[in-house]
Amino acid sequence: MELGMVGLGRMGANMAQRLAQGGHAVTGFDPSAQARQRAADHGVTPAGSLAALVSELSAPRAVWLMVPAGTIVDDTLDALLPLLWPGDIVIDGGNSHYKDSIRRAARLEQAGIALVDCGTSGGVWGLTEGYSMMVGGSDAALATLKPVFETLAPSPTTGWGHVGPVGAGHFTKMVHNGIEYGMMQAYAEGFAILERKADFKLDLHQVAQVWQHGSVVRSWLLDIATDALKENPTLAGIAPYVEDSGEGRWTVAESLDLNVSAPVITLSLLERLRSREKDSYADKLLAAMRNGFGGHRITRE
């Protein structure tokens with residue numbers, strides 16, 4: 001089928017390329033001329049503007065947004081709406097907050113345009129391995145887009161699903177990322193304990209390789225950690241500073257709203273925040289209090 005892809009960054013470009021390889025006619029737009037050229041080199045028809053992209057598509061049109069969550073999604077919709085017709089479909093494949101997706105769907109519905117929210121996982125490996133997609137929207141919209149999901153997924157029948165109405169896709173992806181936070185934190189802490197046990201002189205890459213096969217903790221995240229330890233066993237040159245995409249925060253906030261205890265996800269988020277404290281006032285005060293009640297030594301800067 002025909003599809004317009006708005007946003008040709010790492011994810012959008014790879015998704016457009018996978019679709020083109022699967023036989024779909026993909027037109028792509030990105031503000032960057034270089035990004036458009038790279039996509040053109042992989043079978044994607046480049047468009048110099050949103051208007052040009054829409055003009056390349058036959059009605060009813062399907063336009064997939066792969067842009068950062070937040071106001072840029074609304075700004076893109078503002079620019080797209082005058083160009084679209086009733087019966088067209090917009091897919092938001094980014095990491096939007098599910099409440100924003102519900103709000104945007106109501107706005108587009110007034111113009112007769114369907115919004116589908118697709119929580120997308122797969123990262124830079126999605127091009128070759130396929131993407132995991134959690135899709136929210138109407139049955140009619142999903143039926144139209146089924147060939148696209150079947151091509152993007154690891155196989156036509158695995159790795160994607162219609163999880164519920166609009167909002168359900170991004171809600172499910174939000175929780176998915178919260179779980180990811182906890183899993184990554186557990187791996188990081190475990191390997192930190194192994195690294196600290198100097199007496200055994202453990203080869204952490206070897207340990208990771210052992211765990212990759214037959215172990216109950218084997219996973220794709222472990223595979224990534226194994227590759228990292230092979231390339232840089234001491235992790236030299238990597239600053240202990242961990243960003244968060246925002247979805248971990250949203251998951252924790254939702255757990256509070258729903259009265260669901262989620263201590264692992266919550267603490268993993270807090271550890272990411274802690275990693276950014278280069279001059280922790282809290283830790284300095286802890287040291288001062290330990291000195292005050294127990295005479296424990298204070299390490300001076």
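This tour moves from the whole chain to a few aromatic and charged side chains.

**Before starting.** The model is predicted: local features require pLDDT of at least 70 and side-chain atom pairs count only at pLDDT 80 or more, while totals for chains, interfaces and linings use all residues. Residues are numbered from 1 along each chain as its sequence is written, and side-chain values use heavy atoms, with hydrogens and water left out.

**The whole chain.** Display the chain as a cartoon. Its secondary structure comes to 13 helices and 8 strands; these are DSSP runs numbered from the N terminus (helices, H or I, at least four residues; strands, E, at least two). The C-alpha trace spans about 75 × 40 × 35 Å along its principal axes. Next, select contacts between residues at least 6 apart in sequence: 64% of them join residues at least 24 apart, a contact being heavy atoms within 4.5 Å.

Switch to a surface view. The chain exposes about 16500 Å², of which carbon and sulfur atoms supply 58%; the areas come from the Shrake-Rupley method with a 1.4 Å probe. Of the 301 residues, 41% are buried (buried means under 20% relative accessible area, exposed over 50%, and partly exposed in between; 1.4 Å probe, protein chains only). Colouring by charge shows 25 positive and 33 negative side chains, with the centres of the two sets 7 Å apart. Lys and Arg count as positive and Asp and Glu as negative, whereas His and the chain ends are not counted. Each charge is placed at NZ of Lys, CZ of Arg, CG of Asp or CD of Glu.

**Aromatic pairs.** Now select Phe, Tyr and Trp. The whole structure holds 4 aromatic pairs, defined by ring centres within 6.5 Å (six-membered ring for Trp; planes under 30 degrees apart are stacked, over 60 edge-to-face, the rest tilted). Centre on Tyr98 and Phe171, an edge-to-face pair at 5.0 Å centre to centre with 85° between the planes. This pair joins helix α5 (residues 98-109), which holds Tyr98, to helix α8 (residues 168-196), which holds Phe171, across 73 residues. Tyr98 counts as buried because its relative accessibility is 12%; Phe171, at 26%, counts as partly exposed. Then select Trp64, Phe149 and Trp160, which ring pairs link into a cluster.

**Charges over rings.** Select Arg272 and Tyr181: Arg272 lies over the face of Tyr181, 3.7 Å from the ring centre. Continue to Lys197, which lies over the face of Phe200 at 5.5 Å from the ring centre. The criterion is NZ of Lys or CZ of Arg within 6 Å of the ring centre and within 35 degrees of the ring normal.

**Last stop.** Return to helix α5 and select Asp100. Asp100 has 26% relative accessibility and therefore counts as partly exposed.
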